[in-house]
Amino acid sequence: MKTLTPKATLWLVLILVMVWGINWPLTKLALPDTPPILFSGIRTLLGGLILLMFAMRHRETLRLRQNAWTYLVLAIFNIAGYYGLQTVGLRYLSAGLFSTLVFLQPILLGLFSWLWLGERMFPMKVIGLVLGFGGVIVISSGGMAGHLSVLGIVLGLASGLCWALGTIYMKKKSKQLDSIWAVTMQLIFGGILLNGIGLTTEKWSDIHWSPSFIGILLFISVFVIAMGWMIYFKLIDNGEAGTVGSYTFMIPVLSTIFSMVMLKESLTLTFVVGLVLIAGSVYLVNTALPGKRGNRSSRANETKTCTDK
């Protein structure tokens, strides 16, 4: 895979945080017109079908028999778990608060990357993890103005956990997967799974196909789902999972700003303090010590090379 230049990486990060930041208030606006699980299923399946048109140019890299189980696991964590819990949870909390809880994912990703991918861990990362969970406690105790739902908080955290696990699994399996097929198939499998659950628990007739709902559905399917996931996993393929995860701390900030403008949501001091703690924790978790970058596996390879000389 072609390595991204710093400039290209910056542009992709900016695009990603913008479209994923606006996703939260847009989803909140769409929910009055649709049952949540069916909405999750429709938008992810549609996003997968859009990518399928591009993936079909490289049919030989699909390897469905070899990778079917991997695609299914990715679909369960990244799509059914992440989007399903997310869309249901947005009914219980404000978009700004819910997105902040979900985007504890970078902190979990830093921890899991150390445990399962051999990426570096050092004291500042531990301090960062403590700060992050402190931010969750602060936000949960005060948070956005209005009612705070315990169920909503649990769904937000569970959604972020599913996303972190799915990202780690994708990174571990990256050598055997073609990126576009991995994203396409998990979206299609996940969309089918969510629609199946939705049709047994919700009613298709409850969807109100208003012009605004159709517009939001198309925007999310094309830009947030299809384009967003391709950018995200391209960044993951080109760098450490924990480091890439640090970029996403900007998303709840943008989501909160968009929510204030689009949904007229208001802030409280506790929310601001919690958000600052979470942003600081992500920075600490993903900042390497000077001159000691790289993971354990890469350092092992370097040691072996020096020994062989």
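Two helices count as roughly antiparallel when the angle between their N-to-C directions is over 145 degrees. In this predicted model, the axes of α3 and helix α7 (residues 150-172) come within 8 Å and cross at roughly 160 degrees. The pair α3 and α7 is therefore roughly antiparallel. The crossing in which α3 passes α7 is left-handed.

On the α3 side, the contact is made by W69, T70, V73, L74, F77, N78, G81, Y82, L85, Q86, V88 and G89. These meet G152, L155, A158, S159, C162, W163, L165, G166, T167, Y169 and M170 of α7. By class, the residues of the contact of α3 with α7 are 14 nonpolar, nine polar and no charged.

Helix α1 packs with helix α11 (residues 250-262) at an angle of about 45 degrees, and their axes are 8 Å apart.

From α1, the residues V13, V17, M18, W20, G21, I22, W24, P25, L26 and L29 take part in the contact. Their partners in α11 are M250, I251, L254, S255, F258, S259 and M262. The contact of α1 with α11 is made up of 14 nonpolar residues and three polar ones, with no charged residue.

## Oblique packing of α8 and α9

Helix α8 (residues 179-201) and helix α9 (residues 211-237) have axes that come within 10 Å and cross at roughly 135 degrees. That angle makes α8 oblique to α9, since the roughly antiparallel class requires an angle over 145 degrees. The crossing of α8 past α9 is right-handed.

S179, I180, V183, Q186 and L187 are the α8 residues in this contact. They meet I225, W229, M230, F233 and D237 in α9. The residues of the contact of α8 with α9 comprise seven nonpolar, two polar and one charged.

## Cavities

Searching the whole structure gives two cavities of 30 Å³ or more. The second largest cavity holds about 40 Å³ of space. Its lining consists of W20, N23, W24, Y82, Y83, F103 and V224. Six of these lining residues are nonpolar and one is polar, and none is charged.

At least two lining residues of the second largest cavity come from each of α1 (6-30) and α3 (64-89). The largest share, three residues, is supplied by α1.

## Residues shared between contacts and cavity

Some residues of the cavity lining also belong to the helix contacts. W20 and W24 line the second largest cavity, and both are among the α1 residues that meet α11. Likewise, Y82 lines the second largest cavity and is one of the α3 residues in the contact with α7.

Definitions and conventions:
Residues are numbered from 1 along each chain as its sequence is written. This is a predicted model: local features need pLDDT of at least 70, side-chain atom pairs count only at pLDDT 80 or more; totals for chains, interfaces and linings use all residues. Side-chain values use heavy atoms; hydrogens and water are left out. Axes are lines fitted to C-alpha atoms, for helices over the stretch in contact, and angles run from 0 to 180 degrees between N-to-C directions. Helices (H or I, at least four residues) and strands (E, at least two) are DSSP runs, numbered from the N terminus. Angles under 35 degrees count as roughly parallel, over 145 as roughly antiparallel, 65 to 115 as roughly perpendicular and the rest as oblique. A crossing is left-handed if the near helix is turned anticlockwise from the far one by less than a right angle, and right-handed if clockwise. Contact means heavy atoms within 4.5 Å. Ala, Val, Leu, Ile, Met, Phe, Trp, Tyr, Cys and Pro count as nonpolar, Asp, Glu, Lys and Arg as charged, and the others, Gly among them, as polar. On a 1 Å grid over the protein atoms alone, a cavity is a set of points where a 1.4 Å probe fits but cannot get out, and a pocket is an open set with protein on both sides within 12 Å along at least five of seven lines; lining residues have an atom within 4 Å of a point. Grid points are joined across faces, edges and corners, and a volume is the space filled by probe spheres set on the points.
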